[in-house]
Amino acid sequence: MTEPTTPAAAQAPLSTSLPVAAPDLALELIITCADGLEAPLQTELTSFGIASEIKSTGRLNVSGSLRDLYTICLWSRVASRVLMLIKRKNINAEYDVAEQLYGLAKSINWTEQFKLEQTFAIRLSVDKRVAVSQQFAMLRIKDAIADTFNEVYDSRPNVDSKNPDFAIFATVNDKQAELYLDLSGTSLHRRGYRVAMTDAPLKENLAAALLYSAGWHKQNETDNTPFYNALIDPMCGSGTFIIEALLMHCDYAVGIDKAANQFGFYQWQHHDETLWMAMVDEAQTRFRDALTIACEQPDTLPLILGFDADSGAILATEKNLIAAGLQDLLPLIDLETRALDQLNSTLSPMVKDGRLSNPLIITNPPYGERLGDEENIRPLYQAIGLILQDSFAGSDVNPMVGILASNVEQVDILPISEPKTLRCHNGAITVYFRYGKLIPGQVGNLMSRFEKREIDTEEGQDFINRLQKNLGRLRKQATKENVSNIRVYDADLPDFKVAIDLYGDYVHVQEYAPPKTIPPETARKRFNLALMGIREVLGINREQVFIKTRARQSGNDQYSKQGNTEKKGKFYIAREDDAYFYVNFTDYLDTGLFIDHRNMRARIKDNSRGKAVLNLFAYTCTASVHAALAGAKKVTSVDLSQNYLDWGKQNFVLNGLDVSRNKYQFVAADIFEWIKDNTEQFDIIFIDPPTFSNSKKFQGTFDVQRDHSALINRAMNRLTADGVLYFSNNFTRFELDEQLTERYDIVDVTQETIGFDFNVKKPIHQSFEIRHR
């Protein structure tokens with residue numbers, strides 16, 4: 001590139017005395033782009049060896065040569081237009097701006113710019129601070145051009161707003177007006193490969209800009225090989241990221257698509273056809289050579305993985321790859337119909353065998369403006385982060401991750417270190433691109449990190465000793481079974497009537513209502529001693545401890561919101577057997593995850609693959625999630641509460657499960673009425689009813705002892721001949737109706753479903769497997 005000089009065009013209109021095709025022709029150019037893409041465009045220009053300066057939003061200044069102009073038009077994947085300055089003039093916004101624009105245009109000898117038989121068009125950009133009619137101002141510029149030709153030829157060129165030979169671009173703000181010649185013609189961002197579409201497609205130039213931001217264009221300094229060894233798009237849609245990445249890797253000049261007739265400089269008097277065609281020929285050769293190398297030496301091609309839950313999206317990606325001229329690469333890349341929940345099982349083996357030593361993971365999720373349900377967007381972004389952390393767990397690989405969102409709060413929850421954020425636009429939608437290195441997942445939990453130590457205290461020593469003894473006894477089994485949500489104390493000592501549950505790194509403490517014989521101040525003192533002992537033994541702070549008072553509930557009280565709490569409304573994430581669940585420690589008596597049913601959920605998971613599963617009294621759908629992750633062909637969750645079903649949907653999304661698919665149903669209905677009216681058959685049915693609840697049937701309430709027989713009989717009508725119904729409840733004095741044992745094949749599996757952290761001699765629940773005889 002020539003050294004920047006002050007171009008003649010900055011002082012006066014271009015003159016025909018300038019030599020055509022002069023190699024040292026100095027041009028003052030404005031390179032435009034979509035708002036927010038200024039930095040990626042500058043990165044791209046720098047990779048071309050072209051210096052630039054960001055002038056304002058969507059505009060970069062370049063002082064360059066004719067070759068630089070052609071390079072940008074031929075190779076830029078991010079730029080929108082290339083404008084060459086004709087003339088600029090200071091204006092006074094307090095006077096008639098339209099007439100000042102007329103004067104600026106009239107001072108140019110337009111007959112030296114283009115011929116009478118050629119057409120032209122005017123486009124004008126007006127700063128909002130300038131009071132002028134845009135249409136009238138454009139008309140006055142057109143009048144000035146017409147007057148210039150009339151004075152010389154007594155005739156004027158025609159205006160063609162759609163396909164002009166010369167496109168003249170004018171800008172005006174409160175201090176200055178400028179006139180440019182649009183040398184790019186049609187917008188540079190347009191590509192020719194978009195033959196198949198999906199909902200909310202990603203703009204091609206935006207995809208390219210984000211790839212530049214993430215450094216996809218970089219090469220290793222030692223051997224000039226690609227910096228990244230893989231690109232992964234787990235929600236690829238119609239494949240825009242994949243196609244732009246491959247075009248970049250294969251040295252494809254996107255301007256070749258327009259080289260035939262669409263550039264604005266073709267009619268320009270300084271156009272050098274020889275130089276231009278030589279550059280076009282070189283670009284075509286470079287692409288052919290790079291494509292040949294990629295096909296004949298596949299090891300030189302980064303691993304390309306594109307997944308989407310929608311098979312139509314994968315088909316669209318394949319069609320677009322073919323339209324982009326990359327059909328020869330199709331056998332070398334991996335495009336699969338694969339939902340987000342399957343990403344970990346796909347990537348983990350590749351991480352272990354070294355195939356993903358330095359990957360770029362980049363995607364455009366359905367972020368809610370056009371796709372998806374807004375309340376499920378946050379769980380989706382959390383799911384992406386959790387699944388990626390699981391995929392690279394135990395390795396030294398910290399992949400680069402780049403994800404788009406319509407709201408910056410959505411990407412704030414991503415586990416990315418030293419994050420960078422680009423605010424830009426995908427069409428009319430404002431979006432945010434967050435990128436950076438993936439933060440490794442947290443290692444361990446309170447149970448796995450526990451170490452017994454000497455703790456001396458004046459009061460509460462018995463409680464501390466018992467808690468440490470319980471933790472030491474449970475830790476080995478918890479580690480063996482990978483259990484992090486566990487009950488570690490349940491009113492073991494008469495003076496400390498609390499239940500203590502660990503959920504990962506959080507402690508849920510439930511205080512049993514003391515007998516009336518215990519003075520309130522004594523009960524409060526003992527409870528505070530217990531809280532201090534918990535924090536001391538586990539080495540945690542107050543923010544990790546949540547407390548509730550538990551008493552016998554009636555009706556639907558167990559599902560009612562609780563009061564008197566300082567940490568309301570927040571969801572935390574608990575992990576169980578490779579599944580994630582939202583838990584709420586403050587708003588309800590129960591957290592949303594019943595620890596005592598851990599083994600029952602595992603039993604359902606182990607038997608759900610390829611099965612139709614029905615979860616009645618589904619609550620937050622935790623058993624449904626396990627069934628879905630295990631590969632159930634259909635999962636139906638039924639509960640009277642829409643709020644809990646919405647919570648359940650979020651649990652599904654948190655695990656990467658696509659709740660928009662028909663295979664996952666969430667039904668808010670009275671259980672008895674729904675079973676009576678529904679005629680579907682299910683291979684597995686899970687019923688875990690509350691002891692009491694309100695219902696439209698059975699005299700206005702449901703009583704598990706009174707009504708379980710009718711409930712099970714109705715459910716068995718929906719069970720396939722070789723299916724199994726799991727029935728469980730927490731009523732301590734529950735007795736199964738003898739008529740059921742006569743009618744069905746029933747096995748009491750209570751002992752097998754009570755976890756090692758509960759007392760099997762005093763089972764917290766009763767569980768049964770029920771089959772047709």
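Trainee: In this predicted model, are Phe 263 and Tyr 266 buried or exposed?
Mentor: Phe 263 is buried, and Tyr 266 is buried as well. The term requires a relative accessible area under 20%.

Trainee: How many aromatic pairs does the structure hold, and what makes the pair of Phe 263 and Tyr 266 edge-to-face?
Mentor: There are 39 aromatic pairs in the structure. In the pair of Phe 263 and Tyr 266, the ring centres are 6.2 Å apart and the planes stand at 65°. A pair needs centres within 6.5 Å, and edge-to-face needs planes over 60 degrees apart. Both conditions hold, so the pair is edge-to-face.

Trainee: Why is the pair of Phe 463 and Tyr 489 called edge-to-face?
Mentor: The centres of these two rings are separated by 5.1 Å and their planes by 75°. With the limits at 6.5 Å and 60 degrees, the pair is therefore edge-to-face.

Trainee: Which parts of the structure does the pair of Phe 463 and Tyr 489 tie together?
Mentor: Phe 463 belongs to helix 13 (residues 461–480) and Tyr 489 to strand 15 (residues 485–490), so the pair ties together parts that are 26 residues apart in sequence.

Trainee: How do you know whether Phe 463 and Tyr 489 are buried or exposed?
Mentor: The relative accessibility of Phe 463 is 0%, and the relative accessible area of Tyr 489 is 1%. Each value is set against the limit of 20%. Phe 463 therefore counts as buried, and Tyr 489 does too.

Trainee: How do you know that the span of helix 13 agrees with its 20 residues?
Mentor: At 1.5 Å a residue, helix 13 should span 28 Å. Its end C-alpha atoms are 29 Å apart, which agrees.

Trainee: What covers the buried residues of helix 13?
Mentor: The cover includes helix 12 (446–449), strand 15, strand 16 (498–503) and helix 14 (520–538). Among the buried residues of helix 13 are Phe 463, Leu 467, Leu 471 and Leu 474.

Trainee: What makes helix 3 (residues 97–106) largely enclosed?
Mentor: Seven of its 10 residues are buried, so the rest of the structure largely encloses helix 3. The buried residues include Val 97, Leu 101, Tyr 102 and Ala 105. Among the elements covering them are strand 4 (81–90) and helix 4 (134–153).

Trainee: Which charged residue lies over the face of Tyr 102?
Mentor: Arg 140 does, at 4.3 Å from the ring centre; the distance limit is 6 Å. In a second case, the charged end of Lys 218 sits over the ring of Phe 227, at 5.6 Å from its centre.

Trainee: How do you know whether Ala 137 is buried or exposed, and what is Ala 137 in contact with?
Mentor: Ala 137, a residue of helix 4, has a relative accessible area of 0% and is therefore buried. Apart from its neighbours within four places in sequence, Ala 137 is in contact with Ala 98, Leu 101, Leu 124 and Val 132.

Trainee: How many disulfides does the structure hold, and how do you know that Cys 73 is in no disulfide?
Mentor: The structure holds zero disulfides. For Cys 73, the nearest cysteine sulfur is that of Cys 33, 15 Å away, whereas a disulfide requires sulfur atoms within 2.5 Å. With a relative accessibility of 2%, Cys 73 counts as buried. Cys 250 is in no disulfide either: the nearest cysteine sulfur, that of Cys 295, is 7.6 Å away. Cys 250 also counts as buried, at 0% relative accessibility.

Trainee: What is the phi of Asp 154, and what is that of Phe 617?
Mentor: Most residues other than glycine have a negative phi. Asp 154 has a positive phi near 60°, and Phe 617 a positive one of about 55°.

Trainee: Where does Asp 154 lie, where is Phe 617 found, and how do you know whether each is buried or exposed?
Mentor: Asp 154 lies in the loop between helix 4 and strand 6. Its relative accessible area is 68%, over the 50% limit, so Asp 154 is exposed. Phe 617 is in the loop between strand 21 (612–616) and helix 16 (622–629). At 14%, under the 20% limit, Phe 617 is therefore buried.

Note on methods:
Residues are numbered from 1 along each chain as its sequence is written. This is a predicted model: local features need pLDDT of at least 70, side-chain atom pairs count only at pLDDT 80 or more; totals for chains, interfaces and linings use all residues. Side-chain values use heavy atoms; hydrogens and water are left out. Rings of Phe, Tyr and Trp (its six-membered ring) pair if their centres lie within 6.5 Å; planes under 30 degrees apart count as stacked, over 60 as edge-to-face and the rest as tilted. Buried means under 20% relative accessible area, exposed over 50%, partly exposed in between (1.4 Å probe, protein chains only). Helices (H or I, at least four residues) and strands (E, at least two) are DSSP runs, numbered from the N terminus. A charge sits over a ring if NZ of Lys or CZ of Arg is within 6 Å of the ring centre and within 35 degrees of the ring normal. The expected span of a helix is 1.5 Å times one less than its number of residues. Contact means heavy atoms within 4.5 Å.
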